[in-house]
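Subject: Structure handover and notes

Dear colleague,

Please find the structure below, with the sequence. My notes come after it, arranged by topic.

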Amino acid sequence: MWLGSSAVVHAGERLCSTEDCIPGTGTYLRHGCIFASLAGYVLRKNEGEELPVISVVRETEAQLLPDVGAIVTCKVMSINPRFAKVHILYVGSTPLKDRFRGTIRREDVRATEKDKVETYKSFRPGDIVLAKVISLGDVQSNYLLTTAENELGVVVAHSEAGAQMVPISWCEMQCPRTHAKEFRKVARVQPEYLQA
């Protein structure tokens, strides 16, 4: 019997054989099998080892995972001409405990004139971006994200002077201190995404 991720189990319930998984938190070994040591949700994670790690966590600790179609809030870590690398911080309004990496490819920045997109005119490291998950990614476990809708894009950016910039159009933000303008793929934020 195999229990998939997010299955609910009781303490003492057999999860799988040690040939299938490595025991993680909330589990114990007995006679070559892995058992739940507490009631909760089953989590399976591949962490680069040959076998996935199986854990059991209580409901409050169950990890929300970015899913295809989910709106996520992320922070830009680095950019190059082909894509922006980001860390996903929130799924909807729920903060993530684990760090998930994402990539916004040049062709996924805007819905129109995709061939004219320049990554450095859309994002800068440190920007906070609203994006949508379009695929669960590749071998490096990067999620592929898009900002091609009007509601998606940069929501918080700081100027070189360190001030939080103000959007002045769909493609520019301005520093309130120096009045310098910088290019960004600006999100037209919907009220439900604004947090107090």
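Predicted model: local features only at pLDDT ≥ 70, side-chain atom pairs only at ≥ 80, totals over all residues.

Residues are numbered from 1 along each chain as its sequence is written, and side-chain values use heavy atoms, with hydrogens and water left out.

Overall make-up

The protein chain has zero helices and 16 strands. Both kinds of element are DSSP runs numbered from the N terminus: helices are H or I with at least four residues, strands are E with at least two. Of its 196 residues, 38% count as buried. Buried means under 20% relative accessible area, exposed means over 50%, and partly exposed is in between (1.4 Å probe, protein chains only). The chain exposes about 11300 Å², with 52% of that supplied by carbon and sulfur atoms; the areas come from the Shrake-Rupley method with a 1.4 Å probe, and for residues only the protein chains shown count as cover. Among contacts with a separation of 6 or more, 49% are between residues 24 or more positions apart, where contact means heavy atoms within 4.5 Å.

Nonpolar cores

A nonpolar core here is a set of buried Ala, Val, Leu, Ile, Met, Phe, Trp, Tyr and Cys residues joined through side-chain atoms within 4.5 Å. The largest has 26 residues, and the members that touch the most others are V72, C74, I88, I104, F123, V129 and L145. Two or more residues come from each of β8 (71–79), β9 (83–91), β10, β11 and β12. Strand β9 gives the most to this core, with four residues. Leaving aside neighbours within four places in sequence, V129 is in contact with V72, T73, C74, V76, I104, F123, T147, G153, V154 and V155. A second, separate core has 11 residues, including C16, A36, V42 and I54.

Not counting residues up to four places away in sequence, A11 touches A36, S37, L38 and A39. From A11 to T27 the C-alpha to C-alpha distance is 8.8 Å, at 16 residues apart in sequence.

Aromatic rings

How many aromatic pairs does the structure hold? There are two. Rings of Phe, Tyr and Trp (its six-membered ring) pair if their centres lie within 6.5 Å; planes under 30 degrees apart count as stacked, over 60 as edge-to-face and the rest as tilted. Y28 and F35 are stacked, because their ring centres are 5.5 Å apart and their planes are at 15°. In this pair Y28 is partly exposed, at 27% relative accessible area, and F35 is buried, at 16%.

F100 and Y143 have ring centres 5.8 Å apart and planes at 85°, so this pair is edge-to-face. F100 lies in strand β10 (residues 94–105) and Y143 in strand β12 (residues 143–146), so the pair ties together parts that are 43 residues apart in sequence. Both F100 and Y143 are buried.

Salt bridges

The structure holds eight salt bridges, each a side-chain nitrogen of Lys or Arg within 4 Å of a carboxyl oxygen of Asp or Glu. R105 meets E107 in one of them, at 3.6 Å from N to O, and D108 in another, with the closest N and O atoms 2.9 Å apart. R105 is partly exposed at 28% relative accessibility, as is E107 at 37%, whereas D108 is buried at 10%.

K132 and E149 form a salt bridge at 2.8 Å, N to O. This pair links distant parts of the chain, with K132 in strand β11 (residues 128–135) and E149 in the loop between β12 and β13 (153–156), 17 residues apart. K132 is partly exposed at 22%, and E149 is partly exposed at 32%. R124, D127, E182 and R184 are linked in a network of salt bridges.

Regards
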